[in-house]
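Have the viewer ready and follow along.

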Amino acid sequence: MDLSGGARLLVLAVVGCCFRDVCAYGEEGSEFTFLLQAGKSDCFFQRAIQNGTMEVEYQVIGGAGMDVDFTIHSPEGTLLVTESRRSDGVHVVEPTVEGDYQMCFDNSFSRLSEKMVFFELYVAGQGGDVGGDEEWGGVEELDENMLQYKLQDMREYMDSVHKRLERCRQMQSVLRAFEARDRNLLEDNLWRVSFWSCASLLVMLCVAITQVYTVRKLFDDKRRVCT
């Protein structure tokens, strides 16, 4: 079954829409895929803590032009980031202030084409270890004999492993977004190539038929020869 470009984007938005949160060791990661309608804008809010870090990465993975306008506003309303007609971007806000940050995707410049946008948020506390001492403090108080296992070293090692695994997850999400964008481009190009190939074939057939008809008319002699 063939789908138009808008219908294909809508199906991908319904099937590919995902929002996942990972909260551990003072870190939080979220990713979201949504359909940005033509001539409209959508805004999202993310709460951050004082002296933390917030990283935002987005990609346009579907739609004509593959571009949107993007802005980030601080909780006080200050414009921190502004980009115009971009297909992707990565921005880091550090240090953050406590409050809700506003991230807006604007497609008002496009009156006909809707866009599919993937973006990912990564929020960490100061040093990426907010609340770590409280989480492990109770474990250290259970038994003094556990000190011989160097719980502090174990905690630091586990935190390091967690950060690397979370970064790997982020990179895999970005690669999936790249793959989705490339697939959409290939599908659009395939439709264009097929359409113009059929049009060229039709023109060639018309020219061939016209040439055959013209040549036959040149040798068609209707005069009678008397014998």
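## A cavity and its lining

The residues E55, E57, E120, L121, Y122, R167 and Q170 line the largest cavity of this predicted model. Three elements, β4 (53-62), β9 (115-124) and α3 (151-218), each give two or more residues to that lining. Strand β9 provides the largest share, with three residues. By type, the lining splits into four charged residues, two nonpolar and one polar. The space inside the largest cavity is about 40 Å³, and the count of cavities of 30 Å³ or more comes to one.

## The chain as a whole

Stepping back, the chain has three helices and nine strands. Their order from the N terminus is α-β-β-β-β-β-β-β-β-β-α-α. Of the 227 residues in the chain, 34% are buried. Among contacts between residues at least 6 apart in sequence, 76% join residues at least 24 apart. The chain exposes about 14,800 Å², and 59% of that comes from carbon and sulfur atoms.

## Salt bridges

Side chains of opposite charge can pair when their charged atoms come close. How many salt bridges does a search of the whole structure find? The search finds six, and the table lists three of them, including two that share R47.

| Pair | Closest N to O | Separation in sequence |
|---|---|---|
| R47 and E98 | 3.8 Å | 51 residues |

R47, E98 and D100 are linked in a network of salt bridges. R47 sits in strand β3 (residues 41-48) and E98 in the loop between β7 and β8 (99-106), so their pairing ties together parts of the chain 51 residues apart. R47 is partly exposed at 49% relative accessibility, and D100 is partly exposed at 38%, whereas E98 is exposed at 53%.

Is the D67 and K115 pair made of buried or exposed residues? D67 counts as buried because its relative accessibility, 11%, falls under the 20% cut-off. K115 is buried too, at 1%.

## A closer look at V93

V93 is part of strand β7 (residues 88-93) and is buried, with a relative accessible area of 11%. Beyond its neighbours within four places in sequence, V93 is in contact with G52, T53, M54, L80 and Y101. One of these, L80, is 13 residues from V93 in sequence, with 8.4 Å between the C-alpha atoms.

Definitions and conventions: Residues are numbered from 1 along each chain as its sequence is written. This is a predicted model: local features need pLDDT of at least 70, side-chain atom pairs count only at pLDDT 80 or more; totals for chains, interfaces and linings use all residues. Side-chain values use heavy atoms; hydrogens and water are left out. On a 1 Å grid over the protein atoms alone, a cavity is a set of points where a 1.4 Å probe fits but cannot get out, and a pocket is an open set with protein on both sides within 12 Å along at least five of seven lines; lining residues have an atom within 4 Å of a point. Grid points are joined across faces, edges and corners, and a volume is the space filled by probe spheres set on the points. Helices (H or I, at least four residues) and strands (E, at least two) are DSSP runs, numbered from the N terminus. Ala, Val, Leu, Ile, Met, Phe, Trp, Tyr, Cys and Pro count as nonpolar, Asp, Glu, Lys and Arg as charged, and the others, Gly among them, as polar. Buried means under 20% relative accessible area, exposed over 50%, partly exposed in between (1.4 Å probe, protein chains only). Contact means heavy atoms within 4.5 Å. Accessible areas come from the Shrake-Rupley method with a 1.4 Å probe; for residues, only the protein chains shown count as cover. A salt bridge is a side-chain nitrogen of Lys or Arg within 4 Å of a carboxyl oxygen of Asp or Glu.
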